[in-house]
Amino acid sequence: MNILSLLKPKASVSYIYDSSSVRQGLEQMKAHKFTATPVINKDGKYIGVVSEGDFLRHILDNYTAVDLRLLEDVKIKDIINTKKYKPVRINATIQDLLLLVMNQNFVSVIDDRDCFIGIITRKSVIEYFYNLEKARHAEAASKEKPEQANEVPIS
């Protein structure tokens, strides 16, 4: 199974640049109602995922009172935890993907140059496995039914 069939391409996904300010990141996540979003650099290379927790830890560790104007000087790349959300490569297997979506709402997909190309959501992986199982059940049910066309009624 090619995971690209599950991909939401970069053009239809919200992401943020690592050079964006913390304030911009907070505003974007609030506007889209996300709890996490992919982070890329100006060359399109995948950096990681920034989450609400990253923002909260930064604010709690560095400020006693928060004035959002102060967050203009802090960049996303300064607060992101790059080890928490692992991406998959474009040639990953569905099994590789399944292991990651068990712990992440979405998985970022990168190409062989480490450039971000989109995400695959947990929902799309669950739908894939649901449809696969549904097709298996339908096939098994069709094998259990006798061929009525070849039967001759007994009088």
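Student: Let's start with Tyr46 and Phe116: are they buried or exposed?

Tutor: Buried, both Tyr46 and Phe116. Here that means under 20% relative accessible area, with exposed being over 50% and partly exposed in between (1.4 Å probe, protein chains only). Keep in mind that this is a predicted model: local features need pLDDT of at least 70, side-chain atom pairs count only at pLDDT 80 or more, and totals for chains, interfaces and linings use all residues. Residues are numbered from 1 along each chain as its sequence is written, and side-chain values use heavy atoms, leaving out hydrogens and water.

Student: How many aromatic pairs does a search of the whole structure find?

Tutor: Rings of Phe, Tyr and Trp (its six-membered ring) pair if their centres lie within 6.5 Å; planes under 30 degrees apart count as stacked, over 60 as edge-to-face and the rest as tilted. The search turns up four such pairs. One of them, Tyr46 with Phe116, is stacked, at 6.5 Å centre to centre and 20° between the planes. Tyr46 sits in strand 4 (residues 46-51) and Phe116 in strand 7 (residues 116-121), so this pair ties together parts 70 residues apart in sequence. Helices (H or I, at least four residues) and strands (E, at least two) are DSSP runs, numbered from the N terminus. Tyr46 and Phe116 also belong to one aromatic cluster with Tyr15 and Tyr17.

Student: What else is found in strand 7?

Tutor: Thr121, for one, is in that strand. Its relative accessibility is 16%, so Thr121 counts as buried. Contact means heavy atoms within 4.5 Å, and, leaving aside residues up to four places away in sequence, Thr121 touches Lys8, Asn105 and Phe106. The C-alpha atoms of Thr121 and Phe106 are 4.1 Å apart, although 15 residues separate them along the chain.

Student: Now the helices: at what angle do helix 1 and helix 2 pack?

Tutor: Axes are lines fitted to C-alpha atoms, for helices over the stretch in contact, and angles run from 0 to 180 degrees between N-to-C directions. Helix 1 (residues 22-32) and helix 2 (residues 52-62) pack at about 140°, their axes 11 Å apart.

Student: Which residues in helix 1 meet helix 2?

Tutor: Val22, Gly25, Leu26 and Met29, which meet Glu52, Phe55 and Ile59 in helix 2.

Student: And where is the place of Leu68?

Tutor: Leu68 is in the loop between helix 2 and strand 5 (88-89). With 40% relative accessibility, Leu68 counts as partly exposed. Not counting residues up to four places away in sequence, Leu68 touches Arg23 and Leu26.
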